[in-house]
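Student: Could we go through a few spots in this model together? I'd like to know what the terms mean as we go.

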Amino acid sequence: MSPPAGAGAATGAANTAASTAAPLAERMRPRNLDEVVGQPHLLEAGAPLRAALESGHIPSMVLWGPPGVGKTTLARLIAGHTEAQFLTLSAVMAGIKDIREATAKAQALRDDPLNPRRTILFIDEIHRFNKSQQDALLPFVEDGSLFLISATTENPSFELNGALLSRLRVFVLRPLDEAAILALLQRALDDPERGLPRSAGQPAEALPPHWLERIAESADGDARRALILLETAVELRRAGRSRDPAAADDDELLTRLIGRGLRRFDKQGENFYDQISALHKSVRGSDPDAALYWFARMLDGGVDPVYVARRVLRMSIEDVGLADPRAQRLCLDAWDTFERLGSPEGELALATAIVYLAVAAKSNAVYTALSAARAAVEQHGTLEVPMHLRNAPTRLMKDLGYAKGYRYDHDEAGAHAAGQQFLPDALAGTEFYAPTPRGLELKIGEKLAQLRQGR
């Protein structure tokens, strides 16, 4: 901002120095909704969050999204749309005592007879609060003592208790696309007040366009990371120019800065489970290319390949089954190969199994049959074992009719005692297993049809 009227040059220089001491990402925070890049689904004209702000009705809410997409910035801008007191807590540092102090202050402001005001309480990383800490907020959100605006990188369905979540409106913030990141980077280069420092009278720093593109790509949707990379890239380029003007645009500088790009992946969070779900569903959907992509993404994020090996084995049983019984053995062999070779060589064995599963014939018939059998057990309780199927090791049991009428299959034609009943009487004729007409299960189905006809 410009210095007040009458302020001297020294004061202006001091203000500039103070402003540039803050990190670039902090200085470039949007000052109003129109400066926010990305999130059009929330902030464009008529979008839900913008409509709420413009109507003056601000609900308690949770802003959910990955790092660097503007959750804290939005909370501050929302506070600017009201005359409410703005209080902030970080769930990383705060405890019950801090919550009580904040809610007491909110109640005092609400009950002030001369100037009653509402309070916005912003809680960052709210997923780090335990159940009792979340419960401590409930009565104050319920009675309107405060608006709660919270931010989280984790799925609120898992991390917030139901009572609190039911009182909050969830707004989902998305990762910024490369166009939004590029616009933000250019703004930081062009803004003489808040952007990158420049010498008096000098134009904005000019970076090669492909540098900005590489930075935007490497930021992976995170505005904060993009601005940190930009600030560092400019410093490296200036340092390189001072030593060797010819090397100032050397792409090796940028490569050293960016290094190996980082993708979003949380070994305990939603990204982890979303990606293993995508891998499993790609295999089930017979798309080896997508399956390999998600496997590579998980390796890139640092997943334990043994975890993937377990999940791949499960896929072979659940989704391929008897359509191709070789799949299960192949997955076991791939797991064993990985244990012997380790990373990265052993990962190729897992990739081989993944591709095989993706192109194999699919059947969940056994999976479905077991579920149906379990449902029958639950529904019918403890049905008696038919007498002819019971074991009869003693004379008393034989006298009582145990094993009476049992036909030994190997003594019958084709080693099959046609017509013999094996289910309890109440379930006689029930069919749980329905083979698919695919792969080996096609032949299994033909054989089973003959057997069932004989019964």
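This is a predicted model: local features need pLDDT of at least 70, side-chain atom pairs count only at pLDDT 80 or more; totals for chains, interfaces and linings use all residues.

Student: OK, which residues is Arg76 in contact with, leaving aside neighbours within four places in sequence?

Tutor: Arg76 is then in contact with Glu26, Arg29 and Phe86. With Glu26 there is a side-chain to side-chain polar contact at 3.1 Å, the term meaning a pair of N or O atoms within 3.5 Å, where within protein one must be able to donate a hydrogen and the other to accept it, and residues adjacent in sequence count only if both atoms are side-chain atoms.

Student: And how far is Arg76 from Asn32 in space?

Tutor: Their C-alpha atoms are 9.4 Å apart, although the two residues are 44 apart in sequence.

Student: Switching topic, is Ser282 buried or exposed?

Tutor: Ser282 counts as buried because its relative accessibility is 11%, where buried means under 20% relative accessible area, exposed over 50% and partly exposed in between, with a 1.4 Å probe and protein chains only.

Student: What does Ser282 touch, not counting residues up to four places away?

Tutor: Ser282 touches Asp287, Ala290, Ala291 and Trp294. Separately, a polar atom of the Ser282 side chain lies 2.7 Å from the backbone oxygen of Ala278.

How values were computed
Residues are numbered from 1 along each chain as its sequence is written. Side-chain values use heavy atoms; hydrogens and water are left out. Contact means heavy atoms within 4.5 Å.
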